[in-house]
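Please open the model in your viewer and keep the selection panel at hand.

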Amino acid sequence: MTVAQRVQRVRARLSGADVLLVSDLTNVRWLTGFTGSNGWVVIGPDSMTLVTDGRYGQQAAAQLAAAGVEADVLVGATGAATLEHIAATCAPFATVGFEATSVTYAQHGQYRAALTATLVPTSGVVEAERRIKDSDEIESIARACRIADAVLAEVVPSLGDGLTEAQVRNRLELRMRELGASGPSYDTIVATGPINAALPHHRPTDTLIEPGHTVIIDVGALVDGYHSDMTRTFVVGAPTALQTKLYELVLTAQRAGVAAVAAGMSVKELDGVCRGIIADAGYGDWFTHGTGHGVGLLIHEDPFVNRAGDAILQVGDVVTVEPGVYREGFGGVRVEDLVVVTSDGCRVLTASPKDSPCLPSPPTT
Ligand code: ZN
Ligand code: ZN
């Protein structure tokens, strides 16, 4: 599967409109390889056109050629000129689908004024195909996972050295770049102690990592525009009985979730596997978020794995399995792996150890 073949998959899925006007930049990138900050793709029955502005004409041509994508590239010097290009490309068609979830009210007004066709709202057309990762995409995500695994392994032994959350974050992010990532996949989370670790998406502060603390580290790398996502939880020093109990509980739930992942399974069912184990142990209300989410060109994308979702897992979905428990005064525990759904279950892409929350013993020499 190549980038050039993706447009065919989208055409096959489009119904109710003659052409699709793609304005979501992540979708534009996935369809064409173009990474500029301003661009539209018009997908016709047998043609594809990229419209962008004067900053990106050369870049667009080069990136489309590198991706092997055949499309007309139209460059507008002004916003009005780019809109005219879009209108002219759509002019032969009676109905134009637009992406209802990414087009603002103001943009819709501009389309209505400029386009002669009837505008038809669509939702999730490209996103539905974007879910199914091809082998190149999976390899990029796997590389990102390997980088995150490597930097975490480097940094974990220093967690007992009196560093702050922010210092650990800085080391992780610097080393990811040095190992070939274009950056962190998201703002790295380092959350420690009874207050900060109780916040699932805590931002690192100058809080010192101290003996007795739980430390949640949620780290991912960015490779070729693709993200990775992984969380491990540690305890500095000997864990308390409650820390051990909750770590084992979350790990059991997380392993059960990974073992249950299968094509054809509903996301609700997968969420229930993890949530059921935690709830049965009496900690259901400590598990305050969904079990996981899709990962690709975005760090959070379809399918979202939670109680409310109605998606069905498919071969090629890349999703996290990340149950956790949080309570102010205790802190928190989360264990997260990234997996790709396969025809016989899943392949786990993240490989950092998760057997024990304990840090390796410090050297005694
Ligand atoms: Zn994460
Ligand atoms: Zn995640």
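How much space lies in the largest cavity? About 40 Å³ lies in the largest cavity, where a cavity is a set of points on a 1 Å grid over the protein atoms alone at which a 1.4 Å probe fits but cannot get out, and where the volume is the space filled by probe spheres set on the points, these being joined across faces, edges and corners. Before going further, note that this is a predicted model, in which local features need pLDDT of at least 70 and side-chain atom pairs count only at pLDDT 80 or more, while totals for chains, interfaces and linings use all residues. Residues are numbered from 1 along each chain as its sequence is written, chains are lettered from A and ligands numbered from 1 in the order in which they are written, and side-chain values use heavy atoms, with hydrogens and water left out.

**The cavity lining**

Select Glu99, Thr101, Ser102, Thr122, Ser123, Gly124, Val125 and Glu127, which line the largest cavity; lining residues have an atom within 4 Å of a point. This lining divides into one nonpolar, five polar and two charged residues, with Ala, Val, Leu, Ile, Met, Phe, Trp, Tyr, Cys and Pro counted as nonpolar, Asp, Glu, Lys and Arg as charged, and the others, Gly among them, as polar. The count of cavities of 30 Å³ or more comes to one.

Next select Ser23, in the loop between strand E1 (19-22) and helix H2 (25-32); helices (H or I, at least four residues) and strands (E, at least two) are DSSP runs numbered from the N terminus. Ser23 has a relative accessible area of 15% and is therefore buried, a term that means under 20%, with exposed over 50% and partly exposed in between (1.4 Å probe, protein chains only). Leaving aside residues up to four places away in sequence, Ser23 touches, among others, Glu99 and Ser102, contact meaning heavy atoms within 4.5 Å; both Glu99 and Ser102 are also among the residues of the cavity lining.

Move on to Phe34, in the loop between H2 and strand E2 (39-43), which is buried at 1% relative accessibility. Its contacts, again not counting residues up to four places away in sequence, include Val28, Leu50 and Tyr56, and the C-alpha atoms of Phe34 and Leu50 are separated by 9.0 Å.

**The zinc ions**

Then select the zinc ion (ligand 2), which lies 3.1 Å from the zinc ion (ligand 1), with Asp229 coordinating both. The protein donors of the zinc ion (ligand 2) are Asp229 (OD), His293 (NE2), Glu322 (OE) and Glu336 (OE). Asp229 and His293 are both buried.

**Two backbone stops**

Finish with the cis peptide bond between Asp302 and Pro303, where omega is about 0 degrees, and with Asp224, which has a positive phi of about 55 degrees although it is not a glycine.

Methods:
On a 1 Å grid over the protein atoms alone, a cavity is a set of points where a 1.4 Å probe fits but cannot get out, and a pocket is an open set with protein on both sides within 12 Å along at least five of seven lines; lining residues have an atom within 4 Å of a point. Donors are N, O and S atoms within 2.8 Å of the metal (3.2 Å for Na, K and Ca); water is not among the atoms, so sites may look incomplete.
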